Amino acid sequence: METILFLAHTETDGSLGKPALEALGAAKALSDALAGSPLVVGLFGADVQSAAAAVATCGATKILAVAGADFAASRYATDAAAAEALAKTAGATLVIAAGTSRLLRCLPGVAARLGGRANTHVTGLAAGEGKVTVNRWYYRQRMEGAFTRVQRPWFIVLDPGSQPAWQGAPGHATVETVAVTLPDSAKRTTVAGFREPAADAQTIRPDAALLFVAGAGWTKKQADGQTHVPDAEKLIREFLQLTRASLGSSKSLVDLGGEGQAVLSFLSHLNQIGQTGATPRHPRGLSACCHGEEPHTVGWRFVNERRAISLDPNCGWARGKADVLYVADAFAVMAKVNELLKSAAGA
Amino acid sequence: MSLAYQIVVCGSIVPDPLQTLEPVTGPAGPALKNEMMLPAWLDPWAAHALFEGAHLAKAHPGSKLTLVSLSPKAKLQQVMMTVAQKVPFELVALDGPANGFTDSAETAAALADAIQSLAGRDPARLLVFGGWESASRGAGTTLQVIAERLGIADVFLGVDSLKVAGDGSLEILERVEGGKHQVSRCAGPPAVLGWATGSLPEPKNNPQVGMLNMRGVMPALQKAKPVKIAAEGMAFASVNVPKQLRETRIVKDASPEQIAAEIVQWIKS
């Protein structure tokens, strides 16, 4: 028997994000699968009332909250204090949370503080014979392990996009407030805001249906013996505007900037996918001018449907990894794709 | 206000990512096949942390950069042949396993103990750096546990920039969702920073730096303290390399118009 705490922070508008609802779905399923294991909801943020109402019908035995202005911003010391108080008050043995940047930062520390353990980037969660088994990836998504552990509390932090989201009607929530007294040392850091590209220049869209992966081939000499980086930039930017796709990039393309070569101006290390980048989850992925063997292809490990454009029919990035490989000049194809998308948008 | 920092970078080694990795089950649980034979690198994000640490130390005279590494010392010695040529640092070596299946809590405990044992440790000047995730375990959990064990209340993860303001406070940019950076201001050390890519290119090899470093590296390796790291309390049911070979349909000899039409139809379906 376990006591399962679903732990989440509110978003700036007071709601719960999709990753949180996915974690709630997993926590609820675990509670149902482990006989006699109650589900407790623990929320923290500036104001948790609307978030509590949104999950009021999830079957939790109680809803605990740490709320106040000090808990509005994402800050290790205050987030950890809130999570610690909620886990202690709930008497949690299992804590299920979403792998948001905020929780990934604080929960491993909280687990250590409580004498427990944390496992992050969990992609699968199952209960059988009274045991909880989690799945996660190792060596940058190159091998998958499944394991159990005996330490409690066990903080299980789920990768966003790996679980179905909990769905249920909102209801009336009775929230038990948990008081947290913060020492001055918890406020040595202040959050000054966020820095991001202008809205029309933002190319990372985690919720996009399509991931477009640009490879270093875009900056190489083309059939006429010349590079065409400005043309590549125009084509890609136009495609992203027309499809609202998210942009991923190979490391080699991003690194070219640091080596003084002409690169796509809107790319940064944040776009990088693969061994030393992200492994985003999107329903579809289209790559163009990407090359490389197995280690580099982990960047689209979690993309369901994959298509690639490459001049090399034996390209290790695509062959055996993509569903369709178009052996063609990406410049010519993407120009036509954009034409069709524009005419469809105008129709 | 210029402060001389004590910058401690925690970083281990990982197999060259171009190598074929195959899991095997050993007496202590999962491991990599021929692990000791695989060429190794300093963990990529830890390497960024080391370069950022060196940059900060150079900008603040009197600062000291220490690399604390928990790795099999024979492999660490090989890796140091290259890394030691990059930037000046002092090495504290711990001899133990570095594979991804070990438990980060145990690794963190050993690293925290090593940091606590550093001569002249001064929390008012201490900045603990590391990669925000390793390329082996890929968990991003070690640094927070170190922070808890050292009593450090300010932790940052996915750091791409650190600037020291005139009053000694730290402006830190951390990666958050949606391609944004959160901007935080921390009063100053002590703090723990898990670096993402940062903004510095990899320094070129400098044999003079290498020679200076190796004077300390070899003795550090010789007196590397053995550390028992396992995965106490964890029981692996399986570790597998996924079979994800897809039946790729290869479209040759189609015109750009035909391919474009198919792609657009697929995107819109």
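**Strands, helices and the A–B contact**

Trainee: A:Ile309 stands opposite A:Tyr326 in E15(A). What kind of model is this?
Mentor: Residues are numbered from 1 along each chain as its sequence is written, while chains are lettered from A and ligands numbered from 1 in the order in which they are written. Local features need pLDDT of at least 70, side-chain atom pairs count only at pLDDT 80 or more, and totals for chains, interfaces and linings use all residues, as this model is predicted.

Trainee: Which residue of E14(A) is the bridge partner of A:Ala288?
Mentor: Strands (E, at least two residues) and helices (H or I, at least four) are DSSP runs numbered from the N terminus, and two strands pair if DSSP finds at least two bridges between them. Strand E13 of chain A (282-288) pairs with E14(A) in the parallel sense over six bridges. In E14(A), the partner of A:Ala288 is A:Ile309.

Trainee: Why is E14(A) described as largely enclosed by the rest of the structure?
Mentor: A residue is buried if 20 or more other C-beta atoms, placed from the backbone, lie within 10 Å of its own, exposed if 12 or fewer, and partly exposed in between. E14(A) spans residues 303-310, and it is largely enclosed because the buried share of its eight residues is six.

Trainee: Which residue in E15(B) is the bridge partner of A:Leu325?
Mentor: E15(A), residues 324-327, pairs with E15(B) in the parallel sense over three bridges. The partner of A:Leu325 is B:Ile250.

Trainee: How many residues of the side of chain B that touches chain A come from H6(B)?
Mentor: Residues are in contact if their C-beta atoms, placed from the backbone, lie within 7 Å. In these terms, 68 residues of chain B are in contact with 74 residues of chain A. H6(B) supplies the largest share of chain B's side, and its count is nine.

Trainee: How are H3(A) and H4(A) oriented to each other?
Mentor: H3(A), residues 76-90, and H4(A), residues 101-113, pack at an angle of about 55°, with their axes 9 Å apart. Axes are lines fitted to C-alpha atoms, for helices over the stretch in contact, and angles run from 0 to 180 degrees between N-to-C directions. Angles under 35 degrees count as roughly parallel, over 145 as roughly antiparallel, 65 to 115 as roughly perpendicular and the rest as oblique. The two helices are therefore oblique.

How values were computed: Two residues are in contact if their C-beta atoms, placed from the backbone, lie within 7 Å.
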